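Reader: Could you walk me through this structure, please? I would like to begin with the ligand and then move on to other parts.

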Amino acid sequence: MTEDRKERQRDMYRAPDPAEGPLTTDQGVAVDHTDDSLTVGERGPTLMEDFHFREKLTHFDHERIPERVVHARGAGAYGYFEPYESCAEFTRAAFLQDPSVRTPVFVRFSTVQGPRGSADTVRDVRGFATKFYTSEGNYDLVGNNMPVFFIQDGIKFPDFVHALKPEPQNEIPTGASAHDTLWDFVSLQPETMHMMMWLMSDRAIPRSYRMMQGFGVHTFRFVDAQGHGTFVKFHWKPKLGVHSLVWDEAQECQGRDPDFNRRDLWDAIEAGQYPEYELGVQLIPEEDEFNFEVDLLDATKIIPEEQVPVRPIGHMVLNRNPDNFFAETEQVAFHTANVVPGIDFTNDPLLQARNFSYLDTQLIRLGGPNFSQLPVNQPVAPARTNQRDGYHQSMIHRGTNYSPNSLGGGCPALAGADGYAFSHYAERVEGHKIRKRSESFKDFYSQAALFWNSMSDWERHHIVDAFRFELGKVGAVHVRERTVEQLAQVDYDLASQVAQGIGVALPEPGANNHKPQASPALSFENLQGDGS
Ligand code: HEM
């Protein structure tokens, strides 16, 4: 069974059983004393020749590696994925063909802003990253628990994260997202507005990783065996439903149990209450690319489910906790560019940036180019490359390593045209080299308003409270005012409630302010907002 392949692979890497022999050095030499260093007499200096003492201290001195630049705090688990039926109609991805095939997975849930030791229940986006160890290589679906993102173009990511992180001079604040730099950025970069509505909602304080949705966010591409493409958006839905904390609970958890979400995931799996999620897809034929009010390449927009329903295609069960947090949860390396035949990219400029950034950061975080050999990252499909050497090379390759190659002796042959190999989707592109945001990306407020309109009264109440709490911490009055001006573009009533709470003047209702809308439904009609 493929599910067991990952387990068998992990077995090969498990350290020797401590019960089966004495303590040793790294070189396997048995040690009979580890409590006192070797000294000259009882009160004399420590001797350099005490190799056990030096090895123990040296290894300890080098135990830490850089934390992730974002999503530093996380919790992970192994499990499996099973498709409900063959998806051959849309994709040739092997793991989506046969309901009897279980594909092993590793999932890491995370917060975004805080460092490794921060609290779980802060107001933040949650990462939901899944590595599928498929028979055709690793596929990573690196998603979040919200279906949109703050920015449209990856070149803004460093700016956004610098604004989100604690301020450079004093590292204050940690935890919650309440500070001047974030709101300064947000109020100057209105494409953030839709995501900020999600961030101020209860979605940003999930009760449990077991009760949280996941989204691929970008539009990706399925490719079938004939090379025909279909746009696809990925959705994870938790079997336990979506549940959040309320703000007071979230704050209390931060004090009483900063590991609240991490502990819940661990304990549930230990108790056999395995978290389960259904994978659904929104499928959009290529011919329909321009039949939407929004641009499919704009990651700040959803495609309303009324217009393109989510079709369930399989489910995932998380049933094993890692053996070692550092080896597995900390060293796992997800990358949006880890795709398999049958899944491909689109030209979403945020996705294109991510396809560069993850490998780049992992080269430093995991110390060189060989981190795919780490057990948690190793594919179950055999990796036969011409890549050699580098720090932490742990494979013993034999023979030559170049291509073309008439001497053989090591260089693998190229895959034949049997449909097994990855071939990039042959999309036709042409144009001038320019730096210009597409006009089709420029409606920043309609879907933020749609989100607000879809909320019940109590949900709106929580959103207003969140804006008041977070903006109430902003010292710069002009930043508060400008944020309220942005909110007035989303919904005048929302803006006026927030303005009252934080003591700033409300802008005059202007031609661009969205009027309060009656429909509470997430419907396509709401998306037609003309900004009037
Ligand atoms: C982690 C970059 C947008 C989801 C990371 C990391 C980087 C990064 C450098 C750390 C990776 C590591 O050290 O292993 C970027 C850039 C983005 C972007 C440049 C925009 C251009 C997004 C979006 C999503 C997302 C839109 C969700 C759809 C995640 C997740 C992780 C992560 C879930 C944590 C992965 C893990 O658990 O190890 N991102 N990110 N990121 N990112 Fe992004």
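Author: Of the 27 residues around the ligand, those that come nearest are His-71, Arg-108, Gly-127, Gly-154 and Val-217, where a residue is near a molecule if its C-beta atom, placed from the backbone, lies within 6 Å of it. This is a predicted model, in which local features need pLDDT of at least 70 and side-chain atom pairs count only at pLDDT 80 or more, while totals for chains, interfaces and linings use all residues. Residues are numbered from 1 along each chain as its sequence is written.

Reader: Which elements give two or more residues to that shell around the ligand?

Author: They are strand S2 (103-111), strand S3 (126-134), strand S4 (137-144) and helix H9 (349-365), and the largest share, 8 residues, comes from H9. Helices (H or I, at least four residues) and strands (E, at least two) are DSSP runs, numbered from the N terminus.

Reader: And how do the residues of the shell divide into nonpolar, polar and charged?

Author: There are 13 nonpolar, 10 polar and 4 charged residues in the shell, with Ala, Val, Leu, Ile, Met, Phe, Trp, Tyr, Cys and Pro counted as nonpolar, Asp, Glu, Lys and Arg as charged, and the others, Gly among them, as polar.

Reader: Which residues does UniProt list for "active site"?

Author: The unreviewed UniProt entry lists His-71 and Asn-144 under that heading; UniProt positions are given in the numbering used here, feature names are shortened, and annotations may be inferred rather than shown by experiment. Although they are spread over 74 residues of sequence, they cluster in space, with a largest C-alpha distance of 10.5 Å.

Reader: Is His-71 buried or exposed?

Author: His-71 is buried, because 22 other C-beta atoms lie within 10 Å; a residue is buried if 20 or more other C-beta atoms, placed from the backbone, lie within 10 Å of its own, exposed if 12 or fewer, and partly exposed in between. His-71 is placed in the loop between helix H2 (51-61) and strand S1 (74-83).

Reader: What about Asn-144, and where is its place?

Author: Asn-144 is in strand S4, and this residue is also buried, with 23 other C-beta atoms within 10 Å.

Reader: Changing topic, at what angle do H12 and helix H13 pack?

Author: H12 and helix H13 (residues 492-502) pack at about 155°, with their axes 6 Å apart; axes are lines fitted to C-alpha atoms, for helices over the stretch in contact, and angles run from 0 to 180 degrees between N-to-C directions. H12 and H13 are therefore roughly antiparallel to each other, a term for angles over 145 degrees.

Methods. Parallel < 35°, antiparallel > 145°, perpendicular 65-115°, else oblique.
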